[in-house]
Amino acid sequence: MKVLITGGAGFIGSTIASRCLDEGIDVVILDDLSTGRDEFVTGRNWYRGRIDDGALIDRIFVEHPDIDATVGCAAKIVVPESVSAPLYYYSENVAAGLALLGHLLRNGCHRFLFSSSAAVYAPGLGITERAPLNPMSPYARTKAHFEQALEDVTGGTELRAVSLRYFNPVGADPRLRTGLQVFGPTHALGVMIDKYHASRPYPVTGTDWETRDGTGIRDYVHVWDLAGAHLAALHRFDTITSGDGGSAYRVISLGSGTGTTVLELIRAFETVTGKPMPTELLGRRPGDNAGAYPDISLAAELLGWRPTLTTEQGIADSLAWYERRDAVLARRPGGGA
């Protein structure tokens, strides 16, 4: 099998590429390096360019006519940026994505695996794929709009598609070939690691939510497990999108299935580091909610997938990548990644 991975120089796309290569699947990577890293594609078969560049995609298929499927990981994903630049996000995540689908169809590539997001859901516990959608940011709405387009396109063309809606990826490639490429991340674990290294308390915002311990709950899934789910979807793609009981368009949620509260994340962090994590208890922030985690029974049924790596392993791999990151990634002008 050979797959084209768009956005394959980013955190998730590069991890999927690593797992594919480890399991004997050839990869071709397309990335414009707007947020991806050339360090993550060194020695790999890759093309630099945009997903809406039809001439480049035609060239890729001329040079790799044996591509069996495309994994779509190319997207802009920063929520605050999407609020301040919504037109940019719709252009990049929706318009460019639709152009990609046209280029794939023209080249006879009819299997499309989309890296979507649980941000399309309303907050809730034990969310199933049948839950109503309520995307709360321009970023999340671009994911929801593109998913709707996928459903429509698969209904009127030969394209078949699977959208994997996943929650919060943590960890790194266990061999530390790649990891989160962002310096100064804003997600909970990234902030916790930065606070830990700065010997500063971690802010706990809200202690009276309707959760197991009163703190907000989020769902964390190891990025290596996510990569494994993508491989399972590729191997079972034809079964779940055609034939008896199949559908040309499928949606599957990925996550831990149980969620992790803020206090549970702190305790897991302390277990891994062997040191106490000071905290600062604060009130709820405007716009916060209790959080969410998915029901992952459909992933088990259709993909034979359940996560195998623990939150503690995700924390340990994140910390290991933090220590290695500066040796792998050259800081760019202005101090950024």
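Helix H4 bends by about 25° at Glu92, where the bend is the angle between axes fitted to the seven residues ending there and the seven starting there. This is a predicted model, in which local features need pLDDT of at least 70 and side-chain atom pairs count only at pLDDT 80 or more, while totals for chains, interfaces and linings use all residues. Residues are numbered from 1 along each chain as its sequence is written, and side-chain values use heavy atoms, with hydrogens and water left out.

H4 covers residues 86-106, 21 residues in total, and reaches 29 Å from its first C-alpha to its last, close to the expected 30 Å; that expectation is 1.5 Å times one less than the number of residues. Helices (H or I, at least four residues) and strands (E, at least two) are DSSP runs, numbered from the N terminus. After H4 comes Gly108, with a positive phi near 75°.

Which residues of H4 are buried? Among them are Tyr89, Glu92, Val94, Leu100 and Leu104, where buried means under 20% relative accessible area, exposed over 50% and partly exposed in between (1.4 Å probe, protein chains only). The partners that the buried residues of H4 pack against include strand S1 (2-6), helix H2 (54-63) and helix H5 (138-156), with contact meaning heavy atoms within 4.5 Å.

Now for the sheet. An open sheet of 7 strands runs in the order S3-S2-S1-S4-S5-S7-S12, with parallel pairing; two strands pair if DSSP finds at least two bridges between them. Strands S3 (46-48) and S12 (249-254) stand at the edges with a single partner strand each, so one side of each has no neighbour in the sheet. On average, neighbouring strands of this sheet are turned by 20° against each other, direction ignored. Inside it, S1 and S2 (residues 26-31) pair in the parallel sense over 5 bridges, and Val3 stands opposite Val27 in S2.

| Helix | Lies across | Angle |
|---|---|---|
| H4 | S1, S4 and S5 | about 165° to S5 |
| H7 (residues 223-235) | S1, S4, S5, S7 (160-166) and S12 | about 160° to S7 |

Stepping back, the protein has 11 helices and 15 strands. Its C-alpha trace spans about 55 × 45 × 40 Å along the principal axes, and 51% of the 337 residues count as buried.

Key:
Axes are lines fitted to C-alpha atoms, for helices over the stretch in contact, and angles run from 0 to 180 degrees between N-to-C directions.
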